[in-house]
Amino acid sequence: MEQRESLLLWNLKKLNLELESVINDLLEDLGLTASQGAVLIYVLQHQETAICSAEIHRNFGIARPTVSNLLKKLRQKGYIQFENCPHDDRQKMILATPKGAGVKAALDFRIKSMEQELMRDVTDEEEKKMFECFNKLERNLRTYKIGRK
């Protein structure tokens, strides 16, 4: 069991690194990293609602300073802007700029194309099982993190 788990963790990490490298290459001409692209896509998907950095922190499971740095880079590159939140003066709403909204179609196309290539030769049943496993792994990881606190 221990051998299988160590191989699982190693393989998941290798897959993550390779995936991030490919996405970095896909987004390089836009001046975006994989992480910045993921956050920008999230902002673009939530344009109708007021989102703040805390929501990105919760949904991505990444540290607040990391979220802050990603948002800072996206703002510097002209993809997002901040506005005061009408319900909470301590929070800033994150909105896409026209430049950010202008790359949405390109981001969607590139990510969809990459997903199609990634899932090539994977059956519908395998895909369903894979997502069931991902959900279980995520739940187990959250439980593990809570138990360690």
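**Terms and their grounds**

Analyst: Arg 110 lies in helix α6 (residues 104–118); helices are DSSP runs of H or I with at least four residues, strands are runs of E with at least two, and both are numbered from the N terminus. This is a predicted model, in which local features need pLDDT of at least 70, side-chain atom pairs count only at pLDDT 80 or more, and totals for chains, interfaces and linings use all residues. Residues are numbered from 1 along each chain as its sequence is written, and side-chain values use heavy atoms, with hydrogens and water left out.

User: Which residues is Arg 110 in contact with, leaving aside its neighbours within four places in sequence?

Analyst: They are Leu 26, Leu 27, Asp 29 and Leu 30, where contact means heavy atoms within 4.5 Å.

User: Why are α2 and α4 described by the term they are given for their angle?

Analyst: The axes of α2 (residues 34–45) and α4 (residues 64–76) cross at roughly 80° and come within 10 Å. Angles of 65 to 115 degrees count as roughly perpendicular, and α2 and α4 are therefore roughly perpendicular to each other. Ser 35, Gln 36, Val 39 and Leu 40 of α2 meet Leu 70, Leu 71, Lys 73 and Leu 74 of α4.

User: What makes up the nonpolar patch on the surface?

Analyst: Leu 8, Leu 9, Leu 12, Phe 131, Phe 134 and Leu 137 form this patch, with about 520 Å² of accessible area together. Patch residues have over 30% relative accessible area and no salt bridge, and nonpolar side chains are joined within 5 Å. Helices α1 (2–27) and α7 (124–148) each supply at least two of the patch residues; Leu 137 belongs to α7.

User: How many helices and strands does the protein chain have?

Analyst: The chain has seven helices and two strands, in the order α-α-α-α-β-β-α-α-α.

Conventions: Axes are lines fitted to C-alpha atoms, for helices over the stretch in contact, and angles run from 0 to 180 degrees between N-to-C directions. Angles under 35 degrees count as roughly parallel, over 145 as roughly antiparallel, 65 to 115 as roughly perpendicular and the rest as oblique. Patches are made of residues with over 30% relative accessible area and no salt bridge: like charges are joined within 9 Å, nonpolar side chains (Val, Leu, Ile, Met, Phe, Trp, Tyr) within 5 Å. Accessible areas come from the Shrake-Rupley method with a 1.4 Å probe; for residues, only the protein chains shown count as cover. A salt bridge is a side-chain nitrogen of Lys or Arg within 4 Å of a carboxyl oxygen of Asp or Glu.
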